[in-house]
Amino acid sequence: MQPCPQIKVAENEAEFETLANRAGAMRALGYDHEELIDRAALRALLPAVADHCVGGLASMGDGYANPYRTTLAFKRKAQSLAVRFLEETRALDVSETGGGWRIETSRGTVFGQYLVNCGGAWAGAIAERLGEPVPVEAIAPMMIVTSHLPHFCEAVVGTTGRPLSFKQMPNGTVVIGGGRRGTPDMASERTELRFSELAKTARAAAEVFPITRQSRIVRAWAGIEGRMPDDIPVIGSSAKAERVVHAFGFSAHGFQLGPVVGGIVAELIVTGRTNMPIEPFRISRFAP
Ligand SMILES: Cc1cc2nc3c(=O)[nH]c(=O)nc-3n(C[C@H](O)[C@H](O)[C@H](O)COP(=O)(O)OP(=O)(O)OC[C@H]3O[C@@H](n4cnc5c(N)ncnc54)[C@H](O)[C@@H]3O)c2cc1C
């Protein structure tokens, strides 16, 4: 992980009020890692921020991780513990056998004692096969990468009143996202960028950090992600089938939640229970 502050910027007094309310709500829940910062403190942390920004909410002991390197590290660790990965292998059908699960795949049949449905935007098909259909929607969040700029930002920055997330990489490029969406095509499993939306993201970045006007957009892409109607994932045992655990529909929060959710899924399989309060994430919340 790359340690750095995460800062949510307020662009006006109303947004600052929103952040102050959040800081209060977090403190009331017993969390003290987010601190409200005024205009001067914001400029001390982000000297390149635009003049109109009035303050922010900072989580100083935070950071970010590179998805490719992080997931590869988890994969290698799992392999060292004898986990087998079947890549480029599609699960076509699942059925119960005495005491376990039979999975028909594009490369033959696989048997397992437990079945974990972690198929992201595709997980609805497996849930439906198990008799518990869920309204998982495919969305396509978009990202921009700019050309190199001199170093001006040592934090992951978000805005409060409009979708924008922003970080400068060690090589000087800036990675800009925040949730504006392209169009997923589940038949081809590809995405299409929506340039009108992408332009809003680029404009927001330029308004919050005017220095980015000196850069060019080098590339942009969108990925496919599963979203639930209430924007929180499905995590927990199946309500219909034995020895099945669901973990999908992360609604664009799934990378940071991966390690803790992996731990919960492992606990549910090994001990049949978890001490984590996962009741709000139960699949049966979507039952008719
Ligand atoms: C552009 C973008 C930016 C994002 N930024 C952030 C961020 O900053 N922070 C954050 O926390 N999250 C972020 N997310 C969200 C995060 O990437 C997802 O929440 C996370 O990847 C979900 O993980 P998952 O394992 O549930 O699903 P996925 O990563 O979608 O993995 C599901 C896997 O299951 C496979 N699969 C599905 N069906 C089958 C089948 N029948 N047989 C075999 N395999 C199958 C799929 O091929 C896929 O590989 C972002 C997402 C995008 C697209």
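## Ground rules

Residues are numbered from 1 along each chain as its sequence is written. The model is predicted, so local features need pLDDT of at least 70, side-chain atom pairs count only at pLDDT 80 or more, and totals for chains, interfaces and linings use all residues.

## The sheet

Three strands form an open sheet in the order β9-β20-β19, with mixed pairing. The edge strands are β9 (115-117) and β19 (234-237), and each pairs on one side only. Strands are DSSP runs (E, at least two residues), numbered from the N terminus. Two strands pair if DSSP finds at least two bridges between them. Strands of a sheet pair through backbone hydrogen bonds, either parallel or antiparallel.

β9 and β20 (residues 244-248) pair in the parallel sense over three bridges. Here L115 stands opposite V244 in β20.

## The helix across it

Helix α6 (residues 254-271) lies across β9, β19 and β20. Its direction is about 170 degrees to β20. Helices are DSSP runs too (H or I, at least four residues). Contact means C-beta atoms, placed from the backbone, within 7 Å. Axes are lines fitted to C-alpha atoms, for helices over the stretch in contact; angles run from 0 to 180 degrees between N-to-C directions.

## Around the ligand

The ligand has 19 residues around it; G120, W122, G223, F250 and G254 come nearest. A residue is near if its C-beta atom, placed from the backbone, lies within 6 Å. α6 gives the most to this shell, with three residues.

How values were computed: Contact = placed C-beta atoms within 7 Å.
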